[in-house]
Amino acid sequence: MLIRLASKLQKDSIVDGEGIRAVIWTQGCPHHCPFCQNPDTWDYNGGFLEDTENIKKEINSLDDEVGVTFSGGDPFEQPEACCELAKYCHSVKLNVWCYTGYTYEQLLKKAEKEPAVMDFLKEIDILVDGPFVNKLKSYEIKFRGSKNQRVIKVKESLKKNKVVLHSIDEVKKKKAKKQEVFI
């Protein structure tokens, strides 16, 4: 299967999720967030086509990575190819993170018409959702650019039929509640 990428597989990332990770940078994005860090990934005809089998071979050559992150562009614009790669990552014991400009709720709605979206969603361990919003930009939050974005445990969220946040967000909320008590 072919996938349109913005660049070759990036190795040794420490900012695209927990642990040392590889990043698959997809090409094509409908969100066009102002101040996006990757506007060169918006064009659906940009980048280059790559066979997913070649990416699997690159994944096999990873040494220190604990997982693979899908980013872009928006990976949910190519859910079939991304799902195939995410399944492969799990088969070789790598966890899967994904960044998207869609919210989790928008993805569930999109999946009603595009079953491949749900197939891909089911293969994601952690989803960072929502568009980048410059006025909510923060350097104090982990693995996100703006405060509207959430770090979601996808499998638990699907099982419980409600958003379950990763501990990164849970810890911040608990600290905020404790601070409110003292104010």
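Modeller: A crossing is left-handed if the near helix is turned anticlockwise from the far one by less than a right angle, and right-handed if clockwise. The passage of H2 over H4 is left-handed in this sense. This is a predicted model, in which local features need pLDDT of at least 70 and side-chain atom pairs count only at pLDDT 80 or more, while totals for chains, interfaces and linings use all residues. Residues are numbered from 1 along each chain as its sequence is written, and side-chain values use heavy atoms, leaving out hydrogens and water.

Colleague: What makes H2 roughly parallel to H4?

Modeller: The angle between H2 and H4 is about 25°, and their axes are 8 Å apart. Axes are lines fitted to C-alpha atoms, for helices over the stretch in contact, with angles from 0 to 180 degrees between N-to-C directions. Angles under 35 degrees count as roughly parallel, over 145 as roughly antiparallel, 65 to 115 as roughly perpendicular and the rest as oblique. H2 is therefore roughly parallel to H4.

Colleague: Which residues of H2 and H4 meet?

Modeller: From H2 come Pro79, Glu80, Cys82, Cys83 and Ala86, and they meet Ala116, Val117, Asp119 and Phe120 of H4. Contact here means heavy atoms within 4.5 Å. The helices (H or I, at least four residues) and strands (E, at least two) are DSSP runs, numbered from the N terminus.

Colleague: What makes a group of residues a nonpolar core?

Modeller: The members are buried Ala, Val, Leu, Ile, Met, Phe, Trp, Tyr and Cys residues, joined through side-chain atoms within 4.5 Å. The largest such core has 33 residues, of which Phe70, Phe76, Phe120, Ile124 and Leu127 touch the most other members. Elements supplying at least two residues each include strand E1 (2-5), helix H1 (52-60), helix H2 (79-91) and helix H4 (115-122). H2 gives the largest share, 7 residues. Another core, of 7 residues, lies apart from it, with Tyr99, Ile126, Phe143 and Val151 among its members.

Colleague: Which residues does isoleucine 124 touch?

Modeller: Beyond residues up to four places away in sequence, isoleucine 124 touches Phe76, Val96, Cys98, Val154 and Lys155.

Colleague: Why is threonine 52 called buried?

Modeller: Threonine 52, in helix H1, has a relative accessibility of 0%, and so counts as buried. Its contacts outside four places in sequence are Met1, Ile3, Ala81, Glu84 and Leu85.

Colleague: How do you know that isoleucine 168 is buried?

Modeller: The relative accessible area of isoleucine 168 is 12%, so the residue is buried. Isoleucine 168 lies in helix H6 (residues 167-182). Excluding residues up to four places away, it touches Glu18, Trp97, Lys142, Phe143, Arg144 and Val151.

Colleague: What makes proline 131 partly exposed?

Modeller: At 28% relative accessibility, proline 131 falls in the intermediate class and is therefore partly exposed. Proline 131 is in the loop between strand E7 (126-129) and strand E8 (150-153). Sequence neighbours within four places aside, proline 131 contacts Cys33, Gly101, Ser146, Asn148 and Gln149.

Colleague: Why is the phi of histidine 32 worth a remark?

Modeller: Most residues other than glycine have a negative phi. Histidine 32, not a glycine, has a positive phi of about 50°. The phi of aspartate 12, in strand E2 (residues 10-13), is also positive, near 65°.

Methods:
Buried < 20%, exposed > 50% of the residue type's maximum accessible area, 1.4 Å probe, protein only.
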